2 protein chains.
Amino acid sequence: MVTKTEYFNEPLHLESGRILNSFKLKYESYGKLNADKSNAVVVCHALTGSHHAAGRYENETKSGWWDAMIGSGKAIDTDEFFVICVNILSSPFGSTCPLDIDESSGSEYRLNFPVITITDVVNAQMKLFSRIGIKKAHAIVGGSLGGMQALCFAIEHPEFSDRVIMLASTYQTKAWAIAFNRIVIHGILNDVHFDGGNYDKNLVKIHGLVGMELGRMAGHISFLSPYSTEVKFGRNYVETDGLYELKGRFQVDRYMEYNASNFAKRFDPLCYLYIAKMMNIFDATRHYDDLKDALSNIKARLTLISFRGDMLFMPSEMEEIYSTMLDLGRKNMVEYFNIDSSYGHDAFLVEIDKFDFYVKRAIKWKRN
Amino acid sequence: MVTKTEYFNEPLHLESGRILNSFKLKYESYGKLNADKSNAVVVCHALTGSHHAAGRYENETKSGWWDAMIGSGKAIDTDEFFVICVNILSSPFGSTCPLDIDESSGSEYRLNFPVITITDVVNAQMKLFSRIGIKKAHAIVGGSLGGMQALCFAIEHPEFSDRVIMLASTYQTKAWAIAFNRIVIHGILNDVHFDGGNYDKNLVKIHGLVGMELGRMAGHISFLSPYSTEVKFGRNYVETDGLYELKGRFQVDRYMEYNASNFAKRFDPLCYLYIAKMMNIFDATRHYDDLKDALSNIKARLTLISFRGDMLFMPSEMEEIYSTMLDLGRKNMVEYFNIDSSYGHDAFLVEIDKFDFYVKRAIKWKRN
């Protein structure tokens, strides 16, 4: 496991028309890049994820978010591949984000940070790969917001990889997911401590914004499923709380509060705002006539994996990509699996054994 | 349409062991009570509803919440029946609630108000019916929290009605619904203007609590469905907002904000806390061995109506009531319809024409 930050003293022209005069990207890699630099597998992270996809630092109790997928002998095999995961622009974990210094003003961007799209995130990563010397990746894999990036690579950089694997994601964020995101956006913007984006970032790390906690609770619900919450918590009550006390809590209440409170301290609210925006305005069809037109650019073989209980990005959205690929006569260049999981959206992070073999096979795929 | 408030200068012994020394109930009625007072149909309202179930006051733009169901010639026919809907205890619309004066202290209850359960709500209503002279209701009908009341009448007051109709509800609130409610509870309790329950209630009517807005957004999502939001809003953007502006909004965002903001001004936060608590701790099996034991008390014919897309109370929960009634050998005393609707939980309020005939028929049912 190697963690690095790469600095780019060159402008990044954004989809919005705005320009980042310079930027940095933090990334992590596992395994060794081979001599002809042809064995890179790009892993794209989700909204609240980071470049730390696998392995464990000394001070950590938990491994990276996809540790069960990435490693020696695992589905994304580091004995064979050079696996790289780049922290996305706007994220608070080391790449350029709203808390960085805007060179033109000398002070932090804060609300002056430009809106970053999935296209921009992918373009920035392309510059990094180019600098490392990776002209073509062996495969690209991503779930949720990472799946959006994977699809964007496939459509907008069709020569970059022959294998693209997209999980628990969509080709355009639908009203339902936007509605969920509105809770956290409204919560952050209207939190009394947000202060128009000029909050004390160190204080926020200690206390967290209540608006962020509430939004995170809603996000949490969207990642789960009625079944998984029932199995995990049922109607168990917190032992020390009274059933007839107004503030008495069920165990699911305590879980929600605990997670939301930790998250609000761990994840910067401005960064969250920018990434939620990025997710909301993602639409792979925007610059094309329609989905068919957009997908017609793809040259890679596309592997689509959805999860039956996913409440955030419905399997039907992935199915639409599949059927459109079939309409385009790409029967041999697309495969679609709808995994039977009761874990909802989170399944791509927790029920690895239900789909890792599909990912492994898709990575091993060879053009005839 | 007649609106009245009835005052009870007698104690109400609550499930919690606490006592309300006196209480009042506001209610609305439609149609005429017949000579032997045998034609009453009791309608029970949901969490944010009120006794104003049908008809329209002079200053109103919208009719009562179930106007399409209640009226001359409608499913609940006011030519034939005396329809009565009672505002539940804890609700801010006229019955005793946390904003009322606690006689023992001379000041408002606020957080000293006792937790009220569905059992308490139903017991209070029984006192009202007794005072009016209704010994037996012709039928009881309710959706969501109103369905919980209907089931409670059936189990705990089995002689009170021969016909009980329950829609979009459950026999015990599950972890999933509790998780949704946690957002609004956490939001209210942690809102900087909540002030330990001592907020200025008039100011709240003008500004509303942000925590309440956020909770309401989550509630709103739980009432809807991915399909209905997609059909209604799609990815339409607010015309005056820029796509690449951080604060630019989709139309679904504007809708969520508009509704949440109105709601937070219209519904008192302390009352919401108490009713959310009431919903969370509802469990018709609490004082029984199990569901079968609880349902064995029922003497009424039970009509169960669920909605396929309901994300708050799953059809499977209603189905469990049905199958348990069958286990009890009550085949002739139970019927269950799972309505094909894409409107989610809200269907019981908006897709009347998909189920009103079942309600009509259930009300007309005659014991052989």
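This is a predicted model: local features need pLDDT of at least 70, side-chain atom pairs count only at pLDDT 80 or more; totals for chains, interfaces and linings use all residues.
Is A:Asp340 buried or exposed? With a relative accessible area of 52%, A:Asp340 is exposed, where exposed means over 50%, buried means under 20% and partly exposed lies in between, using a 1.4 Å probe and protein chains only.

Residues are numbered from 1 along each chain as its sequence is written, chains are lettered from A and ligands numbered from 1 in the order in which they are written, and side-chain values use heavy atoms, with hydrogens and water left out.

Let me stay with A:Asp340, whose side chain meets that of A:Arg308 in a salt bridge at 3.2 Å, N to O; a salt bridge here is a side-chain nitrogen of Lys or Arg within 4 Å of a carboxyl oxygen of Asp or Glu. This pair links distant parts of the chain, 32 residues apart, with A:Asp340 in the loop between strand S14 (334–339) and H11 of chain A, and A:Arg308 in the loop between strand S13 (301–307) and helix H10 (315–327). Helices (H or I, at least four residues) and strands (E, at least two) are DSSP runs, numbered from the N terminus. A:Arg308 is partly exposed, with a relative accessible area of 49%.

Over all chains, the structure holds 42 salt bridges. Another of them joins A:Asp241 to A:Arg249, with the closest N and O atoms 3.2 Å apart, and A:Asp241 counts as buried because its relative accessibility is 16%. There is also a network of salt bridges that links A:Arg182 with B:Asp241, B:Arg249, B:Asp253 and B:Glu257.

Next comes A:Tyr244, which lies in the loop between helix H6 (226–233) and helix H7 (251–266) of chain A. At 26% relative accessible area, A:Tyr244 is partly exposed, and, leaving aside neighbours within four places in sequence, A:Tyr244 is in contact with residues including B:Glu15, B:Val115 and B:His287, contact meaning heavy atoms within 4.5 Å.

Finally, the cysteines: how many disulfides are there over all chains? The count comes to zero, a disulfide being a pair of cysteine sulfur atoms within 2.5 Å. A:Cys271, for instance, is in no disulfide, and the nearest cysteine sulfur, that of A:Cys97, is 3.8 Å away. A:Cys271 counts as buried, at 0% relative accessibility.
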